[in-house]
Structures are given as structure tokens and as C-alpha cells.
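The following note is intended for a colleague who is meeting this structure for the first time. Please read the numbered points with the sequence and the model at hand.

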Amino acid sequence: MSIRGVQREDAGRIRRIMKVAFEDEYRRMGLKQTRLPTMTDQLLGFYLDRTPECSFVAEKKGGPIGFCLACRWGTTAWLGPIAVLPPAQGTGIGRAMVETSITALKDAGVTTLGLETMPRSYRNLQFYSQLGMRFEQMTLDMSHFYKNGLSDEGAPESGPGLELESVAGTAGAERESALQSITAISGEVSEGLDYRSDVELAERHRLGETVLAFLDGRPVGFAIIHTEPYAKEETHGTARVNTLLLVPPSGSEGHLDQLLESMIIGIERRFITDGYDAMIFRVPVRYHSARDILLRRNFMINHSDVRMSCRDLPESDNRGVIHLSKWE
Ligand SMILES: CC(C)(COP(=O)(O)OP(=O)(O)OC[C@H]1O[C@@H](n2cnc3c(N)ncnc32)[C@H](O)[C@@H]1OP(=O)(O)O)[C@@H](O)C(=O)NCCC(=O)NCCS
């Protein structure tokens, strides 16, 4: 068995390994629904392009039998998906690939490194614990299906309102300034964090778009929203807010929750008016107010993962900001 860097040509094999390995694990977990939806070429291509220099496959003579993909946003990184063909599991391949990725990411200078996995897979909890990962928090998918369009619950009565603008709608110097705002806001949430590459990649793969949030003409937050189906079986119409950052400017710190509510409502309005009929927000449970606002707006919790991080590279966001993110 040898380990080498991932290539675009591995896509078909990776999809196959993922299907067999995850369905096998779902059966072991006792799930009723054990079929893994078929990831679209678009989403798989996006994953493979994210951080190929730190993503690896394990191969034997017949080709890859396992893979470990990585994603790096500046100095923050996470691993996933990861899988090994069932007959080859339990022989050290998963560990070898994960350790290779961790070394490559550390060499690239990451200071936060983790992953998200299924809390009910005791095997995975054991696997990552043995690799020195620690439990951080849960992350939730909170979703809402708009049967009758957007209900009339408006923005909060008092407090500041935000203006939203799409990064995709900008060009030239305006676009560069928008991208610089993405870097600046990320850095204010956590030193060295930078979502710029993910914003550009989502646009390049036509997977979705990013909206910047302005308060009195000043950029204070952004959200990366995927609008294309993730699975071949899925129909068009779901907008996924995978990332949402908000940094209140000085003087507005006391209004953080109102600003967040204004941003969430603005995003809902924008996408539901555009014809989407479902929205999913990814919510790390540490951000209680985000969960509460979404519950008030009739969102339902319909999926959970557990976030783990390397013992020496934990997540360390600044206080007084919002950082919704998906490490999966
Ligand atoms: C998780 C997965 C990638 C691990 O790969 P692997 O090659 O089987 O793992 P390894 O052989 O390197 O095992 C490393 C450690 O995992 C744990 N482990 C492996 N098999 C295990 C089992 N049957 N029961 C409990 N722990 C197990 C052990 O801690 C082991 O360490 P040890 O050998 O020192 O005891 C693989 O099992 C898999 O593809 N699972 C299905 C897909 C999935 O759930 N992926 C992870 C999503 S986040």
C-alpha cells in the first residue's frame, strides 16, 4: 500500500469508496436509511479542488482503496470526507492517511485543525480519539421548508438593519475590495482564518454565491451560500448557508443578536424571493443566539455532527462575534 496526493482523475474511485464505506457504517450504526445519496460531480470537483496539496489517497496495485480529503482556509483546516474500503479497514490505512494529511497541514502553517463526524459512529469516535482529537462541540443542520413562501415575520422592530450585496455581482476594483473584506472579516473572527479561497472556489464551480453584509456602508459580515444540489437524487431549490460571519463594529457590540437576526432575515428574503423553497443553516451549538433565532423562525434541527479538533490545534474564535461554519 502506498499513499500519494489526490488527483482529479481519482474522482470516480473516491465516489465508489465513499458509497461502499459509508453505507457499511450506516448499517453498523443501525440506521434505517442506509443509502448514501450520490454526490454530484460538481460538489466532488469542488472538494477535490479545495486543498489537493494536503489531500491523499491510499492505493494498491488495482488503484485507490481509501482517501482523506482536506480543506484549508488560511490557518484553519479540517479533514473530510475520509473513507477506506470495508475489506481493507482495521489495518492502519485510515490512520496512515489522516496522519499524512495532518503533517501536510501543519507544514502549511495551520493553527486550527479538526473535523466533524457522526456522533453515533462509536468506531469513528474511537478512531479520531486514538489520533489525538478532542471533542469540541456539536454542529447542527437547521432547515426550513417554505410551503407558502416567506411568512411575514419582518426584521426586528428596533436596532440596526443590514444591507446585503452579492460578491458575484461585483467586478474589477469593487470585486477586489469585496474579497479583501472577506479576508479582513475572517481575520477579525480568528487570526489567520481566511475564507477568500472558498468564496472564489464556490463561484468557479458554480456551486453558490457569497453575500456581504453592510452596516452604514461598512462591511461587517458575510455568508457563503451553496445553491446547487449536493446529490444526483436531489432537486434544485435548497439554499445552504454553510458559513456566516458577523463582526459588530465598535459601538454596536450590544446589538450582535439583532444584527444576526437582521442578516438571517435578509438572507431568507433574498433566496426565497429568488425561488428557492428550502434553506439550511449550519450552526455550531456554541452560538446559542443563532439557534434561538432560527427556532423562532420555524427552522427545525434535522442533523447533527460532533466537531473534534487536534489537541494542540483547537478552534479559538474571538469573543463577541458570530462564526457559523461547516467542517464536513
Ligand atoms: C473511519 C475509517 C476511515 C477508519 O479507517 P481504518 O483504515 O479502518 O482505520 P485504521 O485501521 O487505521 O484504525 C485506526 C484506529 O481506528 C479505530 N478502529 C478501527 N477499526 C475499529 C473497529 N472495528 N472498532 C473500533 N475502533 C476501530 C482504532 O482506534 C484503530 O486504532 P488501533 O488500530 O490502534 O486500535 C474507516 O473505518 C471507514 O472508512 N469508515 C466508514 C466511513 C466513515 O465513517 N468515515 C469517517 C467519516 S468522518
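1. In which helix does L125 lie? L125 lies in helix α4, where helices (H or I, at least four residues) and strands (E, at least two) are DSSP runs numbered from the N terminus. L125 counts as partly exposed because it has 17 C-beta neighbours inside 10 Å. The cut-offs are as follows: a residue is buried if 20 or more other C-beta atoms lie within 10 Å of its own, exposed if 12 or fewer, and partly exposed in between, with C-beta atoms placed from the backbone. L125 and F135 stand 10 residues apart in sequence, and their C-alpha atoms are 9.1 Å apart in space.

2. On the basis of the note: this is a predicted model, in which local features need pLDDT of at least 70 and side-chain atom pairs count only at pLDDT 80 or more, while totals for chains, interfaces and linings use all residues. Residues are numbered from 1 along each chain as its sequence is written.

3. On the overall form: the protein has 8 helices and 13 strands. Its radius of gyration (taken over C-alpha atoms) is 20 Å, close to the 20 Å of the globule rule for 328 residues, so the protein is as compact as a globular protein of that length. The globule rule is 2.2 Å times the number of residues to the power 0.38. Along the principal axes, the C-alpha trace spans about 65 × 40 × 35 Å. Of the 328 residues, 39% count as buried.

4. On the domains: the assignment, which is automatic or from a database, gives domain 1 (2-110) and domain 2 (142-324). Their centres, taken over C-alpha atoms, are separated by 27 Å. In domain 1, 16 residues are in contact (C-beta atoms, placed from the backbone, within 7 Å) with 20 residues of domain 2. Helix α2 (residues 41-50) gives the most to the side of domain 1 that touches domain 2, with 6 residues.

5. On the core: the largest nonpolar core has 82 residues, and F67, C68, V241, L246 and F281 have the most contacts inside it. Such a core is a set of buried Ala, Val, Leu, Ile, Met, Phe, Trp, Tyr and Cys residues joined through C-beta atoms within 7 Å. Strand β3 (residues 63-73) gives the most to this core, with 7 residues. Domain 1 (2-110) and domain 2 (142-324) both give residues to the core, so it lies between them. Leaving aside neighbours within four places in sequence, C68 is in contact with residues including F56, L79, I82 and M97.

6. On the ligand: which of the 22 residues around the ligand come nearest? They are Q89, G94, R95, T117 and F127; a residue is near a molecule if its C-beta atom, placed from the backbone, lies within 6 Å of it. The elements that give two or more residues to this shell are α1 (11-28), β4 (76-84), α3 (93-107) and α4 (122-130).

7. On the backbone: most residues other than glycine have a negative phi, and most peptide bonds are trans. G80 and P81 are joined by a cis peptide bond, with omega about -10°, and P81 is found in strand β4. D216, which is not a glycine, has a positive phi of about 50°; its place is in the loop between β8 (208-215) and β9 (218-226). D216 is exposed because 11 other C-beta atoms lie within 10 Å.

Note on methods
Two residues are in contact if their C-beta atoms, placed from the backbone, lie within 7 Å.
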